[in-house]
Amino acid sequence: MSENMQIFNFYIDEDTKLKAQLKLCEIGVVGEKGALAALIRVLLREFIDATEPATLSHIAQKVQENYAYTTKRNKRSRL
């Protein structure tokens with residue numbers, strides 16, 4: 001893990017954010033400031049380290065679907 005982190009902003013819908021926070025609470029990460037950001041960092045590292053073709057294919061499909069959906073839905077995503 002790099003000690004030199006930089007801020008990176010992105011859009012997330014409130015429903016997804018709330019469900020992720022609730023799931024973190026379910027697994028014992030309660031009320032920790034920055035827990036959602038830590039989850040995102042962990043998931044990104046898991047993605048980077050993934051080597052299983054089926055896993056990468058599944059992730060690629062989900063990313064393409066989400067990108068297409070948000071591009072059509074949100075004009076600001078083209079900036």
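Reply: Cys25 is partly exposed, because its relative accessible area is 36%. The cut-offs are these: buried means under 20% relative accessible area, exposed means over 50%, and partly exposed is in between (1.4 Å probe, protein chains only). Cys25 sits in helix 1. Helices here are DSSP runs of H or I with at least four residues, strands are runs of E with at least two, and both are numbered from the N terminus.

A word on the source. This is a predicted model, where local features need pLDDT of at least 70, side-chain atom pairs count only at pLDDT 80 or more, and totals for chains, interfaces and linings use all residues. Residues are numbered from 1 along each chain as its sequence is written, and side-chain values use heavy atoms, with hydrogens and water left out.

Now look across to Ala35. Cys25 and Ala35 are 10 residues apart in sequence, and their C-alpha atoms are 9.8 Å apart in space. Ala35 belongs to helix 2, and it takes part in the meeting of the two helices. From helix 1 come Lys17, Ala20, Gln21 and Leu24; from helix 2 come Ala35, Leu36 and Leu39. Contact here means heavy atoms within 4.5 Å.

How do the two helices cross? The axes of helix 1 and helix 2 (residues 35-49) come within 10 Å and cross at roughly 90 degrees. Therefore helix 1 is roughly perpendicular to helix 2. Axes are lines fitted to C-alpha atoms, for helices over the stretch in contact, and angles run from 0 to 180 degrees between N-to-C directions. Roughly perpendicular covers 65 to 115 degrees; under 35 is roughly parallel, over 145 is roughly antiparallel, and the rest is oblique.

Lys19 forms a salt bridge with Asp15, with the closest N and O atoms 3.2 Å apart. A salt bridge needs a side-chain nitrogen of Lys or Arg within 4 Å of a carboxyl oxygen of Asp or Glu. Side chains of opposite charge can pair when their charged atoms come close. Lys19 and Asp15 are 4 residues apart in helix 1, about one turn of the helix. Lys19 is exposed, at 51% relative accessible area. Asp15 is partly exposed, at 44%. By this rule the count comes to 1 salt bridge.

Last, step back to the whole chain. It has 3 helices and 0 strands, in the pattern α-α-α along the sequence. Of its 79 residues, 8% count as buried.
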